[in-house]
Amino acid sequence: DLPHPRRGVVQYHDVVSALSTPLAGWAVQVLTAVALLGVAVAQILACSTNTYAALDGDAPGGAGAALSKRTYALAWGGAMLAFTAVPSYSDTRIINVVALLGTTFTAWYIVAASHPAAAAAAAAAGLPRLPRTPLGPASARDFFLGGTVMVGSLSGHVICMEVFDALGGSSRFLAPYLLAQVWVLTLTVLPAGVAAAAFGSTLARADSVFGVLPPSPARSTAAWLMNIHQVVVFGLVLMPLYYYAERAVGLNGRGRAGRLAGWRRLAARVATRMPISLLVWVLALAFPFYGAINALIMAISFPALSFIVPGALFNWRYGRRGPAGESARAAAPFPPTLGGRVAPRFGWAAAIAVNWLLVGLGGAFMCGALYFSIGAVVGGVRADGVFARCWQCGPAVAAVPVPAPG
């Protein structure tokens with residue numbers, strides 16, 4: 001009787017529960033919730049850093065120097081509370097398109113501006129070029145902290161879910177998914193690589209790439225566009241947690257709360273969601289160490305969600321012996337046989353071995369990343385304290401060492 005076919009949404013934890021046990025599905029939900037809370041915290045801190053740069057707070061005498069990053073974090077966190085009144089994802093589509101265009105502009109601005117800016121900074125310091133970044137990480141700490149952020153940035157399961165949702169089905173999934181991955185690489189790896197090649201080790205001392213690029217209208221535009229992106233991400237990543245809270249109080253059910261309408265329903269929605277947003281706001285103000293918090297959250301969640309859980313579940317589903325394993329392999333939608341060019345026996349053996357390797361490497365990486373990211377957060381608290389007024393403030397290029405004569 002519905003005018004349109006009803007669409008069911010299958011989420012990550014639903015797949016995990018179906019392939020293993022409900023307990024594993026609940027564990028994935030907890031990890032996902034931690035990841036979403038951490039990503040939301042990072043958005044407030046990113047907005048604070050971007051605003052500080054856009055108002056030239058990192059330049060001597062800049063307009064933004066009068067206000068601290070904590071002040072900007074306080075303002076942006078309060079502004080983002082407005083997302084508690086947004087009903088659903090569909091109400092954010094227009095601003096989401098603006099945010100995506102903004103990230104594209106920022107990425108290509110970084111590519112275009114990095115080498116000229118680095119050359120000017122080197123000339124001002126009397127150097128032929130800024131100090132190069134050593135090949136490879138300088139320490140185990142750098143390897144795990146940097147690698148954790150890279151793993152989180154390039155994890156494909158988020159793009160996978162977004163493409164499925166946009167297509168409304170999986171029949172045309174592969175090509176859009178690959179295109180989305182290529183586009184994400186141009187927004188992440190390309191500008192990061194160009195900036196790292198241009199600024200070298202100077203970039204490691206900056207709070208963001210805006211800390212090494214000189215003040216300009218283009219940089220301010222990129223910073224404000226990224227703020228739009230951060231605001232959208234804040235709302236998108238917290239929306240699942242908002243839904244959990246609404247389900248817990250029966251707002252989406254058939255009881256008394258579910259029958260609320262008009263302003264009463266809006267008030268109930270805001271009251272239900274507000275504690276989650278307030279928690280994120282307080283965490284951002286208390287631990288404003290963007291890089292360390294980013295690494296910690298990704299260490300907790302992304303190695304498990306992107307490597308350990310998928311690899312273990314694949315092998316649990318398709319690697320079992322006996323009739324259960326044989327029927328699962330026979331019904332696999334994408335058997336690892338390269339279209340029949342590889343014998344099924346060898347294809348499945350290779351796929352299972354690769355997945356166990358990913359599980360082992362993901363577990364080892366997760367342990368190392370947790371150790372060093374927790375140390376980074378503790379170090380930030382010891383250096384700047386809780387609710388720090390400012391962190392990594394001032395231009396990084398000002399600290400470029402000038403070699404002694406001779």
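# Notebook: a chain of helices

I began with burial: of the 406 residues in the protein chain, 40% are buried. I note that this is a predicted model. Next I looked up the secondary structure. I found twelve helices and zero strands. Along the sequence the pattern reads α-α-α-α-α-α-α-α-α-α-α-α. Then I checked contacts between residues at least 6 apart in sequence. Of these, 79% join residues at least 24 apart.

**Entry: helix α3**

I picked α3, residues 69-80, and tested its length. At 1.5 Å a residue, its twelve residues should span 16 Å. I found its end C-alpha atoms 16 Å apart, which agrees. Which residues of α3 are buried? I listed Lys69, Tyr72, Ala73, Trp76, Gly77 and Met80. Seen down the helix axis, these buried residues fall within an arc of 130°, so they line one face of α3. What do they pack against? I found three partners: α2 (22-54), α8 (217-248) and α9 (262-286). I also looked at Lys69 by itself. Lys69 lies over the face of Tyr52, at 5.2 Å from the ring centre.

**Entry: the cores**

In soluble globular proteins, nonpolar side chains tend to be buried together. I looked for such groups here. The largest nonpolar core has 38 residues. Ile44, Met80, Phe234, Val237, Leu238, Tyr242 and Val280 have the most contacts inside this core. I then asked which helices supply at least two residues each. They are α2, α3, α8, α9, α10 (290-318) and α12 (344-384). Helix α8 gives the most, with nine residues.

I went back to Leu238. I left aside its neighbours within four places in sequence. Leu238 is then in contact with Leu36, Leu37, Ala40, Ile276, Ser277 and Val280.

**Entry: Thr272**

I moved on to Thr272, in helix α9. Is Thr272 buried or exposed? Its relative accessibility is 17%, so Thr272 counts as buried. I checked what Thr272 touches, not counting residues up to four places away in sequence. The list is Ala245, Glu246 and Val249. Glu246 is 26 residues from Thr272 along the chain, yet their C-alpha atoms are separated by 6.3 Å.

**Entry: aromatic rings**

How many aromatic pairs does a search of the whole structure find? It finds eight. I looked closely at two of the pairs.

Tyr318 and Trp348 form a tilted pair. Their ring centres are 5.1 Å apart, with 35° between the planes. Tyr318 lies in α10 and Trp348 in α12, so the pair ties together parts that are 30 residues apart in sequence. I checked burial for both. Tyr318 is buried, with a relative accessible area of 15%. Trp348 is buried too, at 9%.

Tyr371 and Phe372 form an edge-to-face pair. Here I read 5.0 Å centre to centre and 85° between the planes. Tyr371 is exposed, with a relative accessible area of 62%. I also noted a cluster: Phe143, Phe144, Phe365, Tyr371 and Phe372 form one aromatic cluster.

The charged end of Arg320 sits over the ring of Trp316, 5.4 Å from its centre.

Conventions:
Residues are numbered from 1 along each chain as its sequence is written. This is a predicted model: local features need pLDDT of at least 70, side-chain atom pairs count only at pLDDT 80 or more; totals for chains, interfaces and linings use all residues. Side-chain values use heavy atoms; hydrogens and water are left out. Helices (H or I, at least four residues) and strands (E, at least two) are DSSP runs, numbered from the N terminus. The expected span of a helix is 1.5 Å times one less than its number of residues. Buried means under 20% relative accessible area, exposed over 50%, partly exposed in between (1.4 Å probe, protein chains only). The arc is that of the directions from the helix axis to the C-beta atoms. Contact means heavy atoms within 4.5 Å. A nonpolar core is a set of buried Ala, Val, Leu, Ile, Met, Phe, Trp, Tyr and Cys residues joined through side-chain atoms within 4.5 Å. Rings of Phe, Tyr and Trp (its six-membered ring) pair if their centres lie within 6.5 Å; planes under 30 degrees apart count as stacked, over 60 as edge-to-face and the rest as tilted. A charge sits over a ring if NZ of Lys or CZ of Arg is within 6 Å of the ring centre and within 35 degrees of the ring normal.
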